[in-house]
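Dear colleague,

Please find below the structure that I am handing over to you.

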Amino acid sequence: MTLAVSGTFTVLSFLVPFVYLALAMKQKNPDFTDAELSLPVTLIGAFNIMFRIGCGMVADHPKMSALQVSNVATIIAGTSMLFVPFCTELWHYVVFCIPFSAGVACFAALRSVICVELIGVEKLSNAFGILMVFMGIGAVVGGPIAAQIKDITGNYDISFYVMGIIFAFSGVMTIRLPELKAWEESKKLARAGTEMRVISEAS
């Protein structure tokens, strides 16, 4: 459930730049051309491909885990969204695309691997299906929430602040999942030992 809620927060927030970044750029600098407004989203897609390959190689290292890589990338990407309101030049937005793309790529590419690490391959289908439901909810409500914040405040700055914090928090939420998994497994072993002892005494 922690992983599912974290995924909801991630999808809720990371879709916002795809929808509203060009509008925020236009609001900051009306002189941007259509080509310049579309460039950051294009770069996010291009960087996304490279980072998916890179995060897979890093996560495959024996001393690393997919969850660690995803958490770090997500926190960095969420933090990068906090700087969008300070961007005024095109190159500012290009720089933003790099850490943001890394977070999106790691989240998308490593989600199934994380499920296997935490839950096991035998439960992957059910677990991933549940995650998709939660992330679908985030995808539906994220954009309208950002738009509502913009309508209230009159600009997109607070929208990016709020969504950046949510994005980073979704990575922080899952930092302790390995310890939580170990705690749950120790409880199961203790319960199984108690049941075996009861059965042995009864027989």
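The notes below describe what was found in this structure.

The model is predicted, so that local features need pLDDT of at least 70 and side-chain atom pairs count only at pLDDT 80 or more, while totals for chains, interfaces and linings use all residues. Residues are numbered from 1 along each chain as its sequence is written, and side-chain values use heavy atoms, with hydrogens and water left out.

The protein has 8 helices and 0 strands (DSSP runs numbered from the N terminus, with at least four residues of H or I for a helix and at least two of E for a strand). Its C-alpha trace spans about 85 × 40 × 25 Å along the principal axes.

Mean pLDDT, the predictor's confidence in each residue from 0 to 100, is 87 for the protein, and 94% of its residues reach 70 or more. Where pLDDT is low, the predicted coordinates should not be read in detail.

The unreviewed UniProt entry places "transmembrane region" at residues 40-59, 66-84, 90-114, 126-146 and 158-178; such annotations may be inferred rather than shown by experiment, the feature names are shortened, and the positions follow the numbering used here. Of these spans, residues 90-114 are 100% helix, with end C-alpha atoms 35 Å apart. Residues 66-84 are 84% helix, and their end C-alpha atoms lie 27 Å apart.

The whole structure contains 2 salt bridges (a side-chain nitrogen of Lys or Arg within 4 Å of a carboxyl oxygen of Asp or Glu). One of them joins Lys 28 to Asp 157, with the closest N and O atoms 3.5 Å apart. This pair links helix H2 (residues 16-28) with helix H7, across 129 residues of the chain.

Yours sincerely
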